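Dear colleague,

I am passing on a structure to you with this email. Below it you will find my notes, with the cut-offs given where each term comes up.

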Amino acid sequence: MAKFTRRQIAKLAGLTAIGAAAPRAFPNTLQAEDPVEKLQSQLAKPFDEQTKPLALEALKAIERLSVERKKTKLPENSEPCTVYVPTEPRR
């Protein structure tokens, strides 16, 4: 197991922070690809011209809703994905 010095750890922490901040600092350079084209490349058939604006609108709505969803604060020890369905006890 390799041992790191304090300077090496500080350098790695600084590089990690720069790497985490880079997408926010340069958003246009990292996400230059059209989202509809990216989606279309994963499909068997390409979109027709009428569907492309609808797909772009849907992708923007998904992104907006995911940002709004992350703003929701959940209480401590909650399990939002669990649905409890009460049933009658067996006799």
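**Notes on the model**

Of the 91 residues of the chain, 4% count as buried, where buried means under 20% relative accessible area, exposed over 50% and partly exposed in between, with a 1.4 Å probe and protein chains only. This is a predicted model, in which local features need pLDDT of at least 70 and side-chain atom pairs count only at pLDDT 80 or more, whereas totals for chains, interfaces and linings use all residues. Residues are numbered from 1 along each chain as its sequence is written, and side-chain values use heavy atoms, with hydrogens and water left out.

The chain has 4 helices and 0 strands, in the pattern α-α-α-α along the sequence; helices (H or I, at least four residues) and strands (E, at least two) are DSSP runs, numbered from the N terminus. Its accessible surface comes to about 9400 Å², with 59% belonging to carbon and sulfur atoms, as computed by the Shrake-Rupley method with a 1.4 Å probe, where for residues only the protein chains shown count as cover.

Gln40, which lies in helix α3 (residues 35-40), is buried, at a relative accessible area of 14%. Leaving aside residues up to four places away in sequence, Gln40 touches Pro46, Phe47 and Lys52, contact being heavy atoms within 4.5 Å.

Leu12, by contrast, belongs to helix α1 (residues 6-25) and is partly exposed, with a relative accessible area of 46%.
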